[in-house]
Amino acid sequence: MASYQADQLKEQGNAAFRNGEYLEAEALYTQAVQKYSRNPLIFTNRANVRIRLMDWNGVVNDCSKSIEITGANAHNHKAWYFLAQGQLGLHHPNEALTSALTAYDQVLHPQPTAKISPKDLETFSAFVLKCKKAKFAARDLERLRRQGDLRAELESLLETQRQRDLDEVTTQLGRSQLGNIEASERSHEITTTLDDKITSLRTVFGAADPAKHEAREVPDYVIDMITFEPMHDPVMTKNGHSYERATIYEHLKRSPTDPLTRDPLTIKDLRPNFGLRAACEAFWDSGASEWIADWS
C-alpha cells in the first residue's frame, strides 16, 4: 500500500517536473519518499529536480541513497550521472570525474534490458570530458598556487565570489523570491560574467609573463572518447568518429559496434585519420608531454 501511494506521488512529481514546476515536484517526491523510502527511482527523480534548483548537496544525498538501494555494483547510470553533476556543482572535480566515468561505462556496456540511445552516449561522454577538464583546471590552479602565484590567488577569489552569488540565487529560489526561469538566467549571467573575468585575468598575466602563464590546454579534437586521453594514432570509423587505434581495437574485442552510435563496426572498417594524426603530433610536439600527467 505504501509503495503504491509513493508511486502515485512520484507520477504527480513527474508531471510537475515536466511542467517546469520544480519546487512542487520536489515536494511531491519528498512526500513519496516519506511514504516509501526503498524505491531508488524516487531519489533519482528528486535529484534531477534538485539539479534544476541547484541544490547540489541535495543532489549528492539523493543519488547516494539511490545507489545504496540498488547496490554500488548494480547498473544505475542516471544516479551516477546526476551524482557527478552534484559533485561538480560543489567543486569536487575528482569525485565528479569518478562518478561520470562510472555512468559512462554503464551506458557504454549496458544491461540487455537497458534503453540507451546514441544521444545518451554523446551526452554522457561530453560530461565526462567536462569533468576531466575541471579536474585538470583545478590541478593547474593548485600548481600555480604552490608557486605563490598572484593569478591563482585572484582566480580563487573570483571562484569564491561566483559560488557565493550562485548560493544566493539558490536561496532566493528556495524562498520563492525568484522564479525558475529568472533563477536560471541569473545563474547563467553570474557564470558567464565570472568566466569572462577569469579569461581576461589569464590574458593579462599571460602577456606579462608568457613563459610562466602559457596556457596548458588539451584540445577536444585530440581526445579519444573511450579513454578520454589524448591520442597518438587515431583511426576513423565509416561514420567519421575517431578513436585511438589501440583503444578501439580493445573495444571491438568485446563489442563489434561503434561506441558512440551502436552501429556495427569491425577492424576492417577503420581507416587511419592522417589529418588528425598530424594535429595530435603537433599537440605532443608543443611540449605537452612535460605536463600531460596532470591530465590523467
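## Aromatic pairs

The structure holds nine aromatic pairs, and since the model is a predicted one, each value given for them has been computed from predicted positions. A pair of aromatic rings is described by the distance of the centres and the angle of the planes. For Phe 17 and Tyr 22, the ring centres lie 5.5 Å apart and the planes meet at 50°, so this pair counts as tilted. Phe 17 is buried, with a relative accessible area of 18%, and Tyr 22 is likewise buried, with a relative accessible area of 18%.

A further tilted pair is formed by Phe 136 and Trp 291, whose ring centres are 5.5 Å apart and whose planes stand at 35°. This pair links distant parts of the chain, for Phe 136 belongs to helix α7 (residues 118-146) while Trp 291 lies in the segment after α11 (274-285), 155 residues apart. Phe 136 is buried at a relative accessible area of 6%, and Trp 291 is buried at 13%. Ring pairs also join Phe 136 and Trp 291 with Phe 283, Trp 284 and Trp 295 into a cluster.

## The largest pocket

Rolling a probe the size of a water molecule over the atoms shows where empty space is left. In this model, the largest pocket contains about 1,900 Å³ of space. Its lining is made up of 50 residues, and those nearest the centre of the pocket are Ala 134, Ala 137, Glu 159, Arg 162 and Asp 195.

The elements that contribute two or more residues to this lining are α3, α5 (77-89), α6 (93-108), α7, α8 and α9 (180-208). Of these, helix α7 gives the most, with twelve residues.

## Ser 156 in helix α8

Ser 156 is found in helix α8, which runs over residues 150-174. If its neighbours within four places in sequence are left aside, Ser 156 is in contact with Leu 141 and Arg 145. With Arg 145 there is also a polar contact of 2.4 Å, which joins the side chains of the two residues.

Which residues of helix α10 (residues 245-254) are buried? They are Thr 247, Ile 248, His 251 and Leu 252, and because they cover an arc of only 130° around the axis, they lie on the same side of α10. The other side of α10 has exposed residues, namely Ala 246 and Lys 253. What covers the buried residues of α10 includes the strands β1 (234-236) and β2 (242-244).

## Two residues with positive phi

Most residues other than glycine have a negative phi. Met 54, however, has a positive phi of about 60° although it is not a glycine, and Met 54 sits in the loop between α3 (40-52) and α4 (56-70). Is Met 54 buried or exposed? Its relative accessibility is 15%, and residues under 20% count as buried, so Met 54 is buried.

Arg 262 is also not a glycine and has a positive phi, in this case of about 70°. Its place is in the loop between α10 and β3 (271-272). With a relative accessible area of 24%, Arg 262 is partly exposed, because that description applies to values between the limit of 20% for buried residues and the limit of 50% for exposed ones.

Definitions and conventions:
Residues are numbered from 1 along each chain as its sequence is written. This is a predicted model: local features need pLDDT of at least 70, side-chain atom pairs count only at pLDDT 80 or more; totals for chains, interfaces and linings use all residues. Side-chain values use heavy atoms; hydrogens and water are left out. Helices (H or I, at least four residues) and strands (E, at least two) are DSSP runs, numbered from the N terminus. A polar contact is a pair of N or O atoms within 3.5 Å; within protein, one must be able to donate a hydrogen and the other to accept it, and residues adjacent in sequence count only if both atoms are side-chain atoms. Contact means heavy atoms within 4.5 Å. Buried means under 20% relative accessible area, exposed over 50%, partly exposed in between (1.4 Å probe, protein chains only). The arc is that of the directions from the helix axis to the C-beta atoms. Rings of Phe, Tyr and Trp (its six-membered ring) pair if their centres lie within 6.5 Å; planes under 30 degrees apart count as stacked, over 60 as edge-to-face and the rest as tilted. On a 1 Å grid over the protein atoms alone, a cavity is a set of points where a 1.4 Å probe fits but cannot get out, and a pocket is an open set with protein on both sides within 12 Å along at least five of seven lines; lining residues have an atom within 4 Å of a point. Grid points are joined across faces, edges and corners, and a volume is the space filled by probe spheres set on the points.
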